[in-house]
Each structure stands twice: as structure tokens, then as C-alpha cells.
Amino acid sequence: MHRTIKITTLCCLLLATAGAVQAQGNYRMTFSSPSLADGKHYMGQHFRDTFIVKDSAEAKGGSVVFAGKKKLDTGVYTLLDGQKKKLFDFMVDDSRTFSIAFDEKKSNAGMKVTGSKANSLMYTYMAKLDWANEQSKGINEKRKDPAKKAEADNEMKALSDEMKSFEDNYLNTNKQYRFTQLIKMFSNVDVPQELPTGCRDTNLREWQAKYYRAHYWDNVDLKDHSLIYTPHLYDKMNFYFFNILYYQDADTTTKYAERLLDKMVGDSTMLRYFMEFALPKYERDTKHIGWDQVFVNLVRDYYLTGKCKWATPAEVYNKRQTVDFLSQSLIGAMGQELLMADTNQSEDPKDWISSHALPQKYVMLWFWDPDCNHCKKQTAELKILYDSLTAAGNKIFEVYAVGYESDVAKWKNYVHKHQLPFINVGGPNVNIDYQEAYNVHGAPTMILLNADRQIIMNKTLATKMVLPFIENYEKSHPEQANRAPSKWQLEGIRRAKIK
């Protein structure tokens, strides 16, 4: 059985800033190294994935000194080079007057601190973790040899026990330092290894995953505003939204996201920090099914209910407009019928082809551009799949291919040259603005409609995933598998007979 060292989440990340304790006024911090280049350097603080510059100074002769009378909050700051790239983090805690000499590698073990026990203890802690990780790598290499596996397991257990003792002692004897407090705050949540008595779940791993999602933030004091300047709050937030919740459906993601956000309602600082991080990613994503629904849910439940106190009326109005726009193309929404001219480009609406009145159970709206290389490649793949299904007499879906190209002649020539067998429509003759109706920002864009012409998928799938998606859809919606033809299918059959 593999054993690994239990090390806090903090082991490779130096946490920043802290409580509301203010400096006494003056500070003087000296950083020196033979590798330190001459020129401008900066002292900064983490904010999300960037830095806020707090001071600047000129380095000369391998040394740079930051000195001033500004009050500095307790916490971890960052030494930045002339391009504002991170060199390393350091603490402002027990002292505002100290010096740190560092080696070329800026290793934790190579940090020599004078005048700040908080920094000295922190680098000692980090250096011990670096050492343990290297030992662990060596032991895992030894474990690959079957003859040495038992010996390696014993060594790993001894190392794990040593690190557990080291960490317990460190945390218990250095409670007054902010770095220690942050270690405890951002430590991983312990997940039970057995199902609790009376639990209705039977799958331990699934229950543990739900437990982890629900308790992920237990140790973090979300009322501590100083945490917004810590790199680890950003990393923890990013990991939660876009790793732990990454593969969840929109309803599950919304549920857990709102459990977290509800803890911050009334606290504009924290709520804004989280909302302004997550919302743009959910809104602008073009690959993940359901993320647009999460955006709509969060805007409706927070911005449009007045919980985002910082938001101006104009911002709320814009959010409402975006939600109204996106809501038309969310999964489960009724797809709007398109009526468009085919390659004959008739201007008589009676000749235009409906996207809905088709005999196939499913319709793929395929918005593509003959000048787009990705469009051309996937259109060719779709043609192969389409032709094979047609030959097998099992064309479960129709492709309503919209030429996303203002040059009608170029589009028509491409369709004829490549003998595209789809329902090919395009040009200016159309009943509605399909870009608005289906949130089409560019090509290629794929939308799948079911028999009732509801949207069941609004992200572009790889061609090889289309049939598996429909198969999985029918498994989760058994009522769709063997249903009688809808009015749209019947209308499509009638129209086909007329032709």
C-alpha cells in the first residue's frame, strides 16, 4: 500500500498578508544577494493572480533597501524585480526592520534572516518541507524495485511520522505568528475514511467527494478581509470553482457556489472578491456545457436581488441584459426556429427552410465559416459521420448548416465543391438574427436540439462525441428514447413528401 507524507496544502505556496494589526510607522527592509541585479525593484502584495506595488527602491551592488514611514499591515509581501516578476515572499510580522540575504536559487534553506524571528521560522519550516519532498521522491523511486518495496514503505512511514511530529511541534510553539495561523487556516480538510452511521449513501468515494465539496472552506475565516491579499486564497478559490466543481452539472455547481457565497452576503469586500473572479470565467467560457447557466444563476441570485451592494445601477442593468440574452440559448430553453434560404438564395420566404420542421428526432445547428480552418476540418468530419449514418439508414440527426460568411458566393462554391450533404443555408435571407437567438459569437458553433426542439447542448463537441452525447442524453432522459414523433418531426415529414 502506498504511503505519502501528509503535508498541509501550504507546503509549496507562501501565504500572504494578514490581520488588521498595523505597523508602528517606520520600516527598513534590506535584501541582498550576489545575484541581485542593479536597478529598480519593488515590494508588492498578492492580489488574485497579480501584485499590488507598495514601494520601490533601487538595487545597487547586490543590495536593495526599502525604507519608509507608511503603515504596513502584518502579512507576507513579495520582492519583485524590475519587470515586477516575483523573486520570493517574505513576512512582515514581528518586525519592520530586518534583512534577508538569499542565494542565487532563492531557496528556503539559503535564506539568512537578521532581525525577524517570524521570517527565520517561516523559512525553516519551508526548508523542512522542501527536504521532506526530496526524501519522498527518492523513496518512491526505491519503491519501483519490488525487492526494495517493503524497505521503502518503512522509510516512508518513518518520514511521515517525522514530518507529523515536526509540524505539530511547529504549530504548537509558534502560535503567535501570522504564518502559523495561515498554515492552520489553509490546511486540507480531513475527510472521514468511513461512511457515518445511518448514512443513506452506499458509495464511500462519492460520499467523500460530496463531503470534501461541502467542507472545503471549513478552516478559512471568510470574515478576515486581509485574506484577499494572500496568494493562497486566490489559489484555493480557483481550485474550488474550476477543479473541484469543474465536472459538476450547472445545478450542482450553483448549489455549492451559493453555499459559499451566502456566507459573505452583507460583506461587500469578500463577496465582490469572489464574484468578480468567478463570474467572468463562467460567462466567457465557450467549451464547458452548463457554465453559462451558472453565470445566469449567480447573477439572478445576487446582482439582481440587490445583494451586491457595490454594483452601480448601470452595472446591474448590464448584467440583467446579459442574463436576458444568454437565457435564450441555455440548455433546456426552446430553440428559436430559423427560416433561411438555401444555396438558391430565394427571396421568397415560402421557399426558406425551417430548422425545426425536419423529420429527424435531433437537429444539429452548425454555424460554420469556409474561411475558418477548424470549421473546414470539423465540417469534413461531420460529412463522414453524416454519410455513414445515411448509408446505414440510421440518420438520427439532421445537420442544419448555417454559412457564417458574408460572401455568399464563396460559401456556395465551398458547399458545391465539397458536396456537403447537409441542409445548407446562409446569406442575408433569414427570419431572425441567429447570432442573438443562439448566442453565436463566432464559428464554429454547434447547437443540438431534441425532438421538441429544446436546446440540449450549446457547446461545440468534437464530431466523435456527438453520438455518445445523444446516447447519454437518452439514458438520462429515457422519455426521449422511444417517443412518438413530435409535431416538428411530423411537419418535417409532411414537407418532405410535398417536395
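Angles under 35 degrees count as roughly parallel, over 145 as roughly antiparallel, 65 to 115 as roughly perpendicular and the rest as oblique. The model considered here is predicted, with local features requiring pLDDT of at least 70 and side-chain atom pairs pLDDT 80 or more, while totals for chains, interfaces and linings use all residues. Numbering starts from 1 along each chain as its sequence is written, and side-chain values use heavy atoms, without hydrogens and water.

Helix α6 (residues 250-262) packs with helix α7 (residues 268-284) at an angle of about 160°, their axes lying 11 Å apart; α6 and α7 are therefore roughly antiparallel. Their contact (heavy atoms within 4.5 Å) involves Thr253, Leu260 and Leu261 from α6, and Leu271, Phe274, Met275 and Tyr282 from α7. These contact residues comprise 6 nonpolar, 1 polar and no charged.

Helix α3 (residues 178-185) is largely enclosed by the rest of the structure, because 6 of its 8 residues are buried (under 20% relative accessible area, with exposed over 50% and partly exposed in between, for a 1.4 Å probe and protein chains only). The buried residues of α3 are Arg178, Phe179, Thr180, Leu182, Ile183 and Met185, and they pack against β6 (86-92), α1 (117-143) and α2 (149-173).

Met364 belongs to strand β11 (residues 362-368). Met364 counts as buried because its relative accessibility is 0%. Leaving aside residues up to four places away in sequence, Met364 touches Leu382, Phe397, Glu398, Val399, Tyr400, Met446, Ile447, Leu448 and Val466. Between Met364 and Lys255 the separation is 109 residues in sequence and 30 Å in space, C-alpha to C-alpha.

Definitions and conventions: Helix = DSSP H or I, 4+ residues; strand = E, 2+ residues; numbered from the N terminus. Axes fitted to C-alpha atoms, helices over the stretch in contact; angles between N-to-C directions. Nonpolar A, V, L, I, M, F, W, Y, C, P; charged D, E, K, R; others polar.
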